[in-house]
Amino acid sequence: MLGSNPNEAKEFWSSTINFSSYTHSFFNLALIISITLSWYLITKHISISKYKEQFNKLITRLSILSMIICYPTGTIYFSIKTFVTGFTTGIDYGTLTTGERLLWGTYTIISEMQEVDKITEQLKDDNSIKVTKNKLPNHQVVLIIGESMRPDYMHCYGYNLENTPHLDSLIQKKGMYLFTDVVAPGHQTAKCIPEILSFKLEEEPEAWYEKASLPKIMSQAGYQTFWLSTQENYSAVVRSISAISHKLVDSCFYVKNDYDNEILPYVDKEITRTKGKNNFSIINLMGSHVNYADRYPKDFAKFRAKDIQTRLDVNNSQKENIANYVNSIYFNDYVVSEIIKKYDEEPSIIIYLSDHGQAIYDDQNNPNLAGHCLNLGGLSVPMMIYINDKMKEIYPTEKLAEIEKAQDKAFITDALPYAIMGLLDIQTSINNDQYNLFSEKYNVARKRMPHWGKRSFEVKHSCVDVSKIPSRQSAVKELAKP
Ligand SMILES: [Zn+2]
């Protein structure tokens, strides 16, 4: 309801309006009417006329009393009881009536927003963490956060259809490093993005906003910070992300759009504005968010159901949906590579990853699901780092070797801020090389077990099959040449 996106509002209303509660009220009313009517009919035919009038009066009074006093009082009593229990033990949304859902939903949204606002305000002024400015000449750091992108459906990660031609050629040109065993800290945007952009690790009990934030640390290290997004701005669902973009970043801009490519002119503007300076930009895309068919313009409908080769037990409309997903990745390949190209004239480090993955009809418990899911596909994500030619001129070569060496290491993206500190050689009082992917001390054995409520899923290896990655195959072929 608080969202700018009509789909979000639709989802909010369908989750809020509970028709069963109306049925319940109507049932009560019908019961009172039918008792009254039955009494009237019975007394009409039996000879208790002496008492009939008195009984009629009594039953009418009781019905009115029940309708105007007992029923509402009872409802209010039980609603208050539900809320009081809700404060202490958490509320069961499924048992609430429509009115209660609206009240409780609005209350929790407002109180959580206030909590996040209060703490992000504190983080904004907290300078207790010591940061040494980085020693590299001025450059751009761009973090592109994609959406619902699953690596084994991308050609550059070994998918059979050629849906990433631009990324493929960037990888071939060198300078683009592909990470093969990366998972997200969850399967929902609202959980993943705050963990990616703060020093909170999945296994730590604190909330993300109780830990240092990446934009804040980058700002202390001498970068201007900027947020550019095609996702929705304010809504209950993304309130934590709104708090980051509005409170912890120097400036932010949300592009009202149909498709992700509409962000490109704003990338140009940003590059012009920050030319020659140290700048950290976070670009948040709509990527492959459901519904997949809505994520790309018609010109990018390259693949059809007949092109999909799969071992999954899917019907034709599900195959069509897989083709839509594959096409959304084809369009994303164009948008991401266009962003990368725009930074060609500036020394830039560009990191691209997805917030989380996606289940594509392969969840054991729900084989008909194409969407967010706490399983291997729902947690596996692509991650790549591009060091452009201008950046290579100023970037230490030993650092390039560190990046190359880290490509197949197991990683969870909640540790990205630690890795970025390593990548840029920013020293802070909270650096920890155990979580810095590029350090020799990096802990490859860290348990990767994202949680969602009481459920968790342990990932041993992402869904990527390294032997299928085209760039790795050509490297093998080159080695085999005499
Ligand atoms: Zn997401």
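Predicted model: local features only at pLDDT ≥ 70, side-chain atom pairs only at ≥ 80, totals over all residues.
Mentor: Two strands pair if DSSP finds at least two bridges between them.

Trainee: What joins β5 to strand β7, and how do the two run?

Mentor: Six bridges link β5 to β7 (residues 279–284), and the two strands run parallel. Here W227 stands opposite I282 in β7. With at least two bridges as the requirement, this too is a pair.

Trainee: Why is β5 called largely enclosed by the rest of the structure?

Mentor: A residue is buried if 20 or more other C-beta atoms lie within 10 Å of its own. Five of the six residues of β5 (residues 224–229) are buried, so the rest of the structure largely encloses the strand.

Trainee: Which sheet holds these strands, and in what order?

Mentor: It is an open sheet of seven strands with mixed pairing, in the order β3-β11-β8-β2-β7-β5-β6.

Trainee: What makes β3 and β6 the edge strands?

Mentor: Each of them pairs on one side only. β3 covers residues 176–179. Direction ignored, neighbouring strands of the sheet are turned against each other by 15 degrees on average.

Trainee: How many bridges join strand β2 to strand β8, and how do they run?

Mentor: Seven bridges join β2 (residues 140–146) to β8 (residues 348–354), and the strands run parallel. Within this pair, L143 has I351 in β8 as its bridge partner.

Trainee: Which residues touch the most other members of the largest nonpolar core?

Mentor: They are I144 and I350, in a core of 101 residues. Helix α10 (residues 316–342) gives that core its largest share, eleven residues.

Trainee: Which residues does I144 touch?

Mentor: Leaving out residues up to four places away in sequence, I144 touches I283, L285, V336, I339, I350, I351 and Y352.

Trainee: Why are the buried residues of α5 said to line one face of the helix?

Mentor: In α5 (residues 165–172), L167, L170 and I171 are buried. Seen down the axis, the buried residues of α5 fall within an arc of 100 degrees, so they line one face. An α-helix has 3.6 residues a turn, so residues three or four places apart point the same way. The face turned away from the buried side of α5 carries the exposed residues S169 and Q172.

Trainee: Is K174 buried or exposed, and how do you know?

Mentor: K174 has 12 C-beta neighbours inside 10 Å, so it counts as exposed. K174 lies in the loop between α5 and β3. Its phi is positive, about 75 degrees, although K174 is not a glycine.

Trainee: Is S148 buried or exposed, and how do you know?

Mentor: The cut-off for buried is 20 or more. S148 has 27 other C-beta atoms within 10 Å, so S148 is buried. S148 lies in the loop between β2 and α5 and, although not a glycine, has a positive phi of about 55 degrees.

Trainee: What makes D299 count as exposed?

Mentor: Exposed means 12 or fewer neighbours. D299 has 8 C-beta neighbours inside 10 Å, so D299 falls in that class. D299 lies in the loop between β7 and α10. N327 is 28 residues from D299 along the chain, and their C-alpha atoms are separated by 10.0 Å.

Trainee: Where is N291, and what kind of peptide bond joins V290 and N291?

Mentor: N291 is also in the loop between β7 and α10. The bond joining V290 and N291 is cis, with omega about -5 degrees.

Trainee: How do α6 and α8 pack?

Mentor: Helix α6 (residues 189–196) and helix α8 (residues 239–248) pack at an angle of about 30 degrees, with their axes 8 Å apart. A190, I193 and P194 in α6 meet S240, I241 and I244 in α8. Of the residues in this contact, five are nonpolar, one is polar and none is charged.

Notes:
Residues numbered from 1 in each chain as written. Axes fitted to C-alpha atoms, helices over the stretch in contact; angles between N-to-C directions. Helix = DSSP H or I, 4+ residues; strand = E, 2+ residues; numbered from the N terminus. Contact = placed C-beta atoms within 7 Å. Nonpolar A, V, L, I, M, F, W, Y, C, P; charged D, E, K, R; others polar. Core = buried A, V, L, I, M, F, W, Y, C linked by C-beta atoms within 7 Å. Arc of directions from axis to C-beta.
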